[in-house]
Amino acid sequence: MRITLVSLLSFFLCNFVYLSIYFSATTGKCLEDQQSLLLQLKNGLKFKPENSSKLKWWNQSIDCCNWGGITCDDEGRVIGLDLRGELISGGFDDSSVVFSLQHLQILNLAANNFNSVIPSGFNKLEKLTYLNLSYAGFVGQIPNEISQLTRLVTLDISSLSYLTGQELKLENPSLTKLVQNLTSIRQLYLDGVSITVPGHEWCSALLSLHDLQELSMPYCNLSGPLDPSLASLENLSVIVLGQNNLSSPVPEALADLKNLTILSLPGCQLTGTFPQKIFDSGTLSVIDISFNYNLHGFFPNFLLSRSLQIFRVSHTNFSGAFPHFIGNMRNLSELDFSNCQLNGTLPNSLSNLTELSYLDLSCNNFTGQMPSFDMAKKLTHLDLSHNGLTGAIPSSSHFDGLDNLVSIDLRNNSINGSIPSSLFTLPRLQKILLSHNQFGQVEEFTNVSSSKLNTLDLSSNNLSGSFPTSIYQLSALSILQLSSNKFNGTMDLNKLLVLRNLTTLDLSYNNFSVKVNDTNVDSSYFPSISNLKLASCNLKTFPGFLRNHSRIISLDLSDNHIQGIVPNWIWKLQILQSLNISHNLLTNLEDPLKNLSSNLLVLDLHYNKLQGPLPVFPEYTLYLDFSSNKFNSVIPQDIGKYLSYTFFLSISNNNLSGSIPYSLCNASNLLVLDLSNNNISGTIPPCLMAMSETLGVLNLRKNHLIGPVPDMFSAACSLRTLDLHDNKLDGKIPKSLSNCSSLEVLDLGKNNIMDVFPCLLKNISTLRVLVLRKNNLYGHIGCPKTNGTWHMLQIVDLAINKFSGKLPGNCFTRWEAMMSDENKDESKVKHIQYQFLQYNGPIYYQDSVTVTIKGQRMDLVKILTVYTSIDFSSNHFEGEIPQELFDFKALYTLNLSNNAFSGQIPPSIRNVKDLESLDLSNNSLEGNIPTELATLSFLSFLNLSFNHLIGRIPTGTQIQSFPESSFIGNKGLCGSPLTTNCSTNTSPATTESADFDWQYIVIGVGFGVGAGVVVPTLMIWERGRKWSNDTFGNFLMRVFSLFGLAYIPIEDYEGDDGAEEMDDDSTEEEDYWDCPSFRGRYCVFCSKLDLTMKRVIHDPSCTCYPSSSASNSTHSSKSYSP
């Protein structure tokens, strides 16, 4: 815990007052009664002489006025008693001799361990001006008698007892009663005393203390608001109210306190905007408003007080550019702007802060190059981590002269270039933290044998080449982290033996092979090592030196090529807490598997080839991952008794069988339970659902579970993921599932659940993934009677069910996560995940889901929060596709295939600009394909087949790249990629006629049958034929007359049987068009109406045959056709 400024101030003030009185008073001969009282006091107090620097020297051979901690006046009366720091543990109560020392003016019992209530005899010490009972272990109620000490100038009853649960309280008397008579008080320190009153009450109680100069009441359970009336105490110079729930703005009136030197309000839940006027105070030396997360503000353009020494604004919402004028504040010793929203570049004028010793600007948005600090010679702590700094460090001598620097932290920036050698030569430097940058090289350094560097973290950079040999010279090095770089070649671990103090070594995920002596079992090999990480180092065996090592706490050998058996000795490492040997080629555990390390907290064996029965679980393990192996036993029925402390258990992707043991319900601390991808059968134990009060993830997907989902979810359900996909579950969706108000992922797909759409989940606002695919769900979807349904929903799969009706467009307006494409770049690195443990950093459970993407079923092992998908395929939905669906600007996948949707594809499809997969096949959509579809440049899968679409396929960025199968089954479509060409006069009407219409087919068949009956009859029946010719001829005569034309019946040109006939070959084709008259027969089959010439033109190549022969009724193949 950081010592507060007020504590230090109080300490020095107490000593100053005490020494002032001590030296101003004439030390006279101690009165006998005074000495006797002091010896009685010593005998009554409980203390250990070895811890005492004062009491143990009290004896009769020395005048009591010369005893340590005693001050006398000139008459030999004790006026000062200082027993601070004597570690007294008892003997101070209402009967204490202290209250007989009635001339006392100073009483200091601070820093002891009385562990009792404060005695009530203080009213007997009427002359007290200074009372310090701070941090002395007092608990309970502060006695009312202290309020009778009207001469008190300084009162300090500060306490840390709130940390132990035994508070020191100020309830009766209240704060008002305590201070109402203390009108001379100037210093009031009540740190850690539980006062629990609202702001207007405690503020008004202090208004009577007109001489009050220093007020310190942090950790007092005070409530807000922070009343502006405090500014009426015009003598106030110190205000320390940190860690109270003030929940209010900072009054601007505080800027009117002309003597204010210290304003400390950290962790007070302050709100609003911090008054800039306070920054203008010329007397302030300390400003601390840190850890007020809802406090906004920005820095003024004018120069702050030159007297400012400590400036803390960390963990607030201060924004804007870094105040460049701070470089002129030459007295500044501590500057902490970490975890704000500041931006811009950092000025080189920071180098002018010659008194600066502590600088923390981490976790902001600063950009540009790192500034110089060459004049800040007193700088000990430099933290610029978690910003956006870029470029290279200007020169290899950039850090020259910073001889007092102890720690430098530049992690999580984008700094490139070389790491300067001057950094390693700084004489007092102990920590170099440069991970997660883009450094490419470490400059070689020499003459560092006296270096005090104990921590070097260069992980997650672009460092390449061979292992930097200069590191071997850093003899004091304790922590070396070089993981996730590009070092190559071979690295001999024996060369690091010169670093005898090495406790943490991480060489994981480079491009080199680490050479390890697998036969050396000497325990003196790396004698201090406790954390060893050699993941992905091309190891083929277990390092032999570990066999007898007694200090290993954490061991990571994952992602290597270690084969065969896991040796038994690894379980006998005495203090091993974390073991990760995942992603290897291990096949068996060496028998017998006994005497497992009782300290093992994390055990990760996943992705190996381990087989046989499940191993015995260590007793106190928090994290167990045996997934993706070949374990093939029944899950032990008593498995639960080994999981009393376990938070995470995954035995997924094995060949485990049998039922889910009921004893799992005894694992009351489980946060994640993953039994997926096994051969587990039977029903789900109801008690497993009752565990949902603590359980965050339950994954039982891809097993053979049967029966209904137990309706036993706790009223305080905290489930975040429930995955029961691909089982044989039936029944209804349990109603108690609505209790799971934090649910994010729900996957009930591929079961036999028969129910309606789950509107019972409508109030779960956190839901992100909803998969109900391939069940027997029916009815309409949507929850029309609610206004807050699933604004975070990003994946919804209702495919292969029996849902029907129209899609409720109004419900889609609430799926806000699919509409917004803001912060897209940031979302691309975020996944749906569940942090369930903090062990050497956060540990997450990574959600997964199976979705249909581009016509293929795919497993998303990591679900990006930016990924969005809708699959309503293979149901009975009808009507038009709602326009609201195309307001989903962030949608990636849309599948509405195999339904009965009708109407047109709306042009608003252009809004889904990020769409990558669209399937509308097997519906009844009609009309043209909108040209807006061609503007979707990210579209890589399209299926519009088997609809009633017509017209030309639009041309665009992607459209012609899709196969013909994307458009087949639409007979009115033409154009690439279809082989059907579009004619220039093709219109929707003519194209549409290509479709089958049974009305026209029936009419055609009717005419055909009629003609088949009538024509042969007329050919045989001469009288009937003559009647038909006459009737038809009369009809043509009337019709032609309407157009001013004439029609001559065939009979008018008939002569005798020898009448001359025209030879078909006697006249060429062009002649008969120009012939003014035609001397042959006219008949229907050989005539054509020419409107331009207003006459009927006969084809001379066609012969009219009046014969009754069937063959004579046919005309020549050369006959004219219109």
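A salt bridge is a side-chain nitrogen of Lys or Arg within 4 Å of a carboxyl oxygen of Asp or Glu. In this predicted model, Lys54, Asp82 and Arg84 are linked in a network of such bridges. The structure holds 19 salt bridges. The protein has 1122 residues, and buried residues make up 50% of them.

**Overall make-up**

- The secondary structure comes to twelve helices and 67 strands.
- Consider contacts in the protein with a separation of 6 or more: residues 24 or more positions apart account for 55% of them.
- The accessible surface is about 50000 Å². Carbon and sulfur atoms contribute 50% of that area.

**Salt bridges**

- Arg77 and Asp73 pair through their side chains, with an N to O distance of 3.1 Å.
- Arg77 counts as partly exposed because its relative accessibility is 23%, while Asp73 counts as buried because its value is 11%.
- Asp288 and Arg312 form another side-chain salt bridge, at 3.0 Å from N to O.
- Asp288 sits in strand 12 (residues 286-288) and Arg312 in strand 14 (residues 310-312), so this bridge ties together parts that are 24 residues apart in sequence.
- Asp288 is buried, with a relative accessible area of 5%. Arg312 is buried too, at 9%.
- Arg773 bridges to Asp797, and their closest N and O atoms are 3.3 Å apart.
- This pair links distant parts of the chain, 24 residues apart. Arg773 is in the loop between strand 49 (769-771) and strand 50 (778-779). Asp797 belongs to strand 51 (residues 795-797).
- Arg773 and Asp797 are both buried.

**Nonpolar cores**

- The largest nonpolar core has 272 residues.
- Phe122, Trp202, Phe311, Leu493, Leu507 and Phe872 are the residues with the most contacts inside this core.
- A second, separate core has seven residues, including Tyr623, Val672, Val697 and Tyr845.
- Leu507, from the largest core, has contacts beyond its neighbours within four places in sequence. Among them are Phe467, Leu482, Met491, Leu493, Leu496, Phe512, Val514 and Leu534.
- The contacts of Leu507 also include Ser483, Lys533 and Cys537.

**Ser633**

- Ser633 is found in the loop between strand 40 (630-631) and strand 41 (648-650).
- Ser633 counts as buried because its relative accessibility is 14%, and buried means under 20%.
- The Ser633 side chain reaches the backbone nitrogen of Leu614 at 3.2 Å.
- Setting aside neighbours within four places in sequence, Ser633 is in contact with Gly612, Pro613 and Leu614, and also with Asn655, Leu656 and Ser657.

**Nonpolar surface patch**

- Tyr135, Leu160 and Leu163 make a nonpolar surface patch of about 270 Å².
- Tyr135 is located in the loop between strand 4 (130-132) and strand 5 (140-141).
- Tyr135 counts as partly exposed because its relative accessibility is 31%.

Methods
Residues are numbered from 1 along each chain as its sequence is written. This is a predicted model: local features need pLDDT of at least 70, side-chain atom pairs count only at pLDDT 80 or more; totals for chains, interfaces and linings use all residues. Side-chain values use heavy atoms; hydrogens and water are left out. A nonpolar core is a set of buried Ala, Val, Leu, Ile, Met, Phe, Trp, Tyr and Cys residues joined through side-chain atoms within 4.5 Å. Buried means under 20% relative accessible area, exposed over 50%, partly exposed in between (1.4 Å probe, protein chains only). Contact means heavy atoms within 4.5 Å. Patches are made of residues with over 30% relative accessible area and no salt bridge: like charges are joined within 9 Å, nonpolar side chains (Val, Leu, Ile, Met, Phe, Trp, Tyr) within 5 Å. Accessible areas come from the Shrake-Rupley method with a 1.4 Å probe; for residues, only the protein chains shown count as cover. Helices (H or I, at least four residues) and strands (E, at least two) are DSSP runs, numbered from the N terminus. A polar contact is a pair of N or O atoms within 3.5 Å; within protein, one must be able to donate a hydrogen and the other to accept it, and residues adjacent in sequence count only if both atoms are side-chain atoms.
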